[in-house]
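Subject: Structure handover

Hello,

Here is the structure I said I would pass on. Please open it next to this email and follow along; my notes come after it.

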Amino acid sequence: MKAWLLFVLIIAFVLQTRRARADGVGQDEAKRLRDEVRDMFYHAFDGYMNHAFPLDELRPLSCKGEDSLGGYALTLIDSLDTLALLGDKKRFSEAIDWVGKNVQFDIDKTVSVFETTIRILGGLLSAHLIASDYATGMKIQNYDDELLHLAEDLAIRILPAFDTPTGIPFGSVNLRHGVDEDESKITSTAGGGTLTLEFGVLSRLTNNPIFEQVAKNSVRGIWMRRSKLDLVGAHINVFTGEWTQKDAGIGTSIDSFYEYLLKAYLLFGDEEYLFMFQEAYKAAMTYLHHDPWYVEVNMNSAATVWPLFNSLQAFWPGLQVLAGDIDPAIRTHAAFFSVWQKYGFTPEGFNLATLSVQNGQRSYPLRPELIESTYWLYKATRDQRYLEAGRDILTSIEYGAKCPCGYCHISDVESHKQDDHMESFFLAETVKYLWLLFDLAVGPDNLVETGPYKYIFSTEGHYLPTTPEISLVNEHCSYFGSFCKDGEGNSVISQSSLDFRDKNGTKTVNYELSSIERVKSFDFVPTKSVLKGVCPGLTHAQKFGISYFSEGNINYDSRENVEENHENVELNHDLDERGKGSEIFEQNVELKNEKEEENDIPIMVSQVENRRDVNQDDQAYDHDT
């Protein structure tokens with residue numbers, strides 16, 4: 001108790017001192033805060049390299065390492081594009097060289113499909129795209145696509161997980177032997193629906209469509225089993241398609257499913273993802289939103305079953321910024337941040353009925369989601385409140401979570417007891433979004449804000465560029481001067497207007513799965529923007545159909561057609577051309593809600609009762625699932 005009181009007094013003194021310096025966060029203070037974040041990164045990164053490397057993750061209290069995923073230097077790979085963002089070409093080059101020479105995936109280990117995809121595959125692809133491109137200013141001499149080859153090898157080893165009747169992958173796969181015989185047939189919605197960016201980018205870089213196709217089939221397999229309310233549950237049987245947990249929400253086990261629907265559209269221009277996002281978003285705002293909070297409901301009846309703020313929900317305001325729905329994002333962020341202000345951190349679960357920390361969910365494992373949304377809201381509004389929020393978050397982490405060799409999990413947000421663990425996403429996301437926030441305030445000069453491309457962030461914070469090779473695949477070789485590949489897979493400029501399908505060097509896929517048809521070329525929906533004439537009265541089911549598999553591959557009953565047309569959720573982006581990514585345009589935003597008083601927790605407009613008595617042991621939660 002004394003330690004907790006001392007921490008509160010220190011934080012209060014530091015915050016009061018900083019606020020007394022100026023009204024808001026000026027450019028000089030923003031620069032100082034940005035430098036503090038840089039120091040935070042190197043304290044943790046150097047701690048990992050000195051005490052844990054090449055093991056996966058650092059134990060920052062004991063200054064030791066541990067293999068938590070696959071034993072292939074997870075934290076280093078997850079940190080590669082953060083090094084590039086900070087402009088550290090020397091360390092970036094050294095890390096690229098080491099990974100290319102030493103990492104290999106022919107190992108007898110069973111790993112999470114979800115975590116391996118977003119952390120390792122995403123980290124390799126993002127770093128490859130930076131290291132191989134002169135335009136980024138971080139081109140590595142003598143780099144010969146080693147990371148891309150590693151990414152392709154890894155993805156091929158993950159492919160057996162998709163060999164299911166539904167197309168939804170198993171949750172885990174052995175990198176040498178495929179799916180274990182006793183592997184669970186139950187997986188999370190996020191686990192099956194958060195693969196499209198990484199697998200899609202890999203397909204476009206290797207000219208092998210199988211990766212993108214299996215990821216898209218997985219999303220379709222989940223979406224076609226949604227309820228009549230257009231809600232999805234948390235866990236599903238990958239063989240029968242039966243929902244084993246029917247709680248719908250925007251947090252644990254579901255969160256990044258929504259995220260990747262919109263981001264796959266922004267990165268690839270595939271309208272099918274936009275249709276799915278529009279309907280899913282409308283359903284979430286209709287049945288899950290109790291302004292400014294979000295609850296979990298039964299996916300079939302919409303009855304509230306879980307009035308809980310889950311820390312993973314904090315990504316949602318940032319996603320709303322990308323969708324152009326700013327006002328509810330502002331209100332929800334204020335509510336979520338009030339929980340941080342009350343405890344100094346956000347617990348994994350905060351009960352909205354009792355306005356207290358949920359039993360068994362008292363920890364803060366250095367999650368980035370609230371910081372991510374803070375960055376996006378500042379980017380969209382330039383409101384000083386978000387810089388002040390970022391300053392408070394930075395202060396809490398620096399004074400409450402700093403350990404001898406890195407930054408520690410907080411095992412209890414009320415006692416502020418530290419736990420000897422530091423997830424790789426602390427360096428891949430938490431520090432990255434904090435640094436981007438303050439650098440934006442200073443006057444940005446970094447790869448993401450002022451580089452040659454617009455970027456889409458993966459759920460692990462890896463930034464993927466909207467280059468023609470990735471975002472304009474339907475225009476390859478379709479007009480004079482367009483981007484395409486020759487028969488050898490090399491990038492060239494088109495000299496004619498011949499059909500790109502005869503020019504891009506595609507070939508028959510050799511890897512076969514029972515639920516995947518052989519394909520010879522990318523078969524994407526034309527990217528005519530839904531904002532430019534596609535009938536807004538059509539639902540996703542009416543435009544694309546709801547039976548996504550050939551009759552011989554699946555015998556399960558499809559979801560009944562819902563005859564009523566749903567209004568489309570309008571995206572307020574002024575997206576003149578597909579492939580330009582997630583540019584946030586200048587917006588005049590009316591801030592309808594006054595700034596919340598510190599430690600004032602908003603109460604839900606619609607009061608709900610806690611219908612579930614939970615008293616589970618405190619545990620470490622997966623990054624997204």
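How many of the residues of H14 are buried? Before the reply, one caution: this is a predicted model, and everything below should be read as a description of that model. The reply is that 13 of the 13 residues of H14 are buried, so the helix is largely enclosed by the rest of the structure.

**Helix H14**

Helix H14 covers residues 369–381. From its first C-alpha to its last, H14 reaches 18 Å, close to the 18 Å expected for its 13 residues at 1.5 Å a residue. Arg 382 follows H14 and has a positive phi, near 55 degrees.

**The chain as a whole**

The protein chain has 19 helices and 21 strands. Of its 625 residues, 61% are buried. Take the contacts in the chain with a separation of 6 or more: 72% of them are between residues 24 or more positions apart.

Leu 229 gives an example to look up. Leu 229 sits in the loop between helix H9 (210–223) and E6. The C-alpha atom of Leu 229 is separated by 9.4 Å from that of Thr 286, and these two residues are 57 residues apart along the chain. If neighbours within four places in sequence are left aside, the contacts of Leu 229 are Ala 283, Tyr 287, Met 299, Asn 300, Ser 301 and Ala 302.

**The core**

The largest nonpolar core has 169 residues. Those with the most contacts inside this core are Phe 92, Phe 199, Ile 397 and Phe 426. Helix H16 (residues 425–442) supplies the largest share of the core, with 12 residues.

Leaving out neighbours within four places in sequence, Ile 397 is in contact with Met 40, Trp 340, Phe 345, Tyr 364, Ile 371, Lys 402, Tyr 407, Phe 426 and Thr 430. One of these partners, Phe 426, is also among the residues with the most contacts inside the core.

**Disulfides**

There are two disulfides. In one, Cys 63 and Cys 405 are joined, with their sulfur atoms 1.8 Å apart. The torsion about the S-S bond of Cys 63 and Cys 405 is about 90 degrees, so this disulfide is right-handed. Cys 63 lies in the loop between strand E1 (57–59) and strand E2 (64–66), while Cys 405 lies in the loop between helix H15 (384–400) and strand E16 (409–412), so the pair ties together parts that are 342 residues apart in sequence.

Are Cys 63 and Cys 405 buried or partly exposed? Cys 63 is partly exposed because its relative accessible area is 23%, and buried means under 20%. Cys 405, at 6% relative accessibility, counts as buried.

The other disulfide joins Cys 403 to Cys 408, with a sulfur-to-sulfur distance of 1.7 Å. Both Cys 403 and Cys 408 are buried.

**Sheets and a hairpin**

E5 and strand E6 (residues 235–237) are antiparallel and are joined by three bridges. Within that pairing, Ser 188 stands opposite His 235 in E6.

Another open sheet of three strands runs in the order E13-E14-E15, and its pairing is also antiparallel. Here the edges are strand E13 (308–310) and strand E15 (356–357); each has a single partner strand, so one side of each is left without a neighbour in the sheet. Strand E14 (residues 349–351) is joined to E15 by two bridges, and the two run antiparallel. Phe 350 has Val 357 in E15 as its bridge partner.

As a reminder for viewing any sheet, side chains in a regular strand alternate between the two faces of the sheet.

Last, the hairpin of E16 and E17. Three bridges join E16 to strand E17 (residues 417–419), and the strands run antiparallel. The bridge partner of Ile 410 in E17 is Gln 418. Four residues lie between the strands of this hairpin, in which His 416 takes a positive phi near 60 degrees.

Regards

Definitions and conventions: Residues numbered from 1 in each chain as written. Predicted model: local features only at pLDDT ≥ 70, side-chain atom pairs only at ≥ 80, totals over all residues. Heavy atoms only, no water. Pairing = 2+ DSSP bridges. Disulfide = S-S within 2.5 Å. Buried < 20%, exposed > 50% of the residue type's maximum accessible area, 1.4 Å probe, protein only. Core = buried A, V, L, I, M, F, W, Y, C linked by side-chain atoms within 4.5 Å. Contact = heavy atoms within 4.5 Å. Expected span 1.5 Å × (residues − 1).
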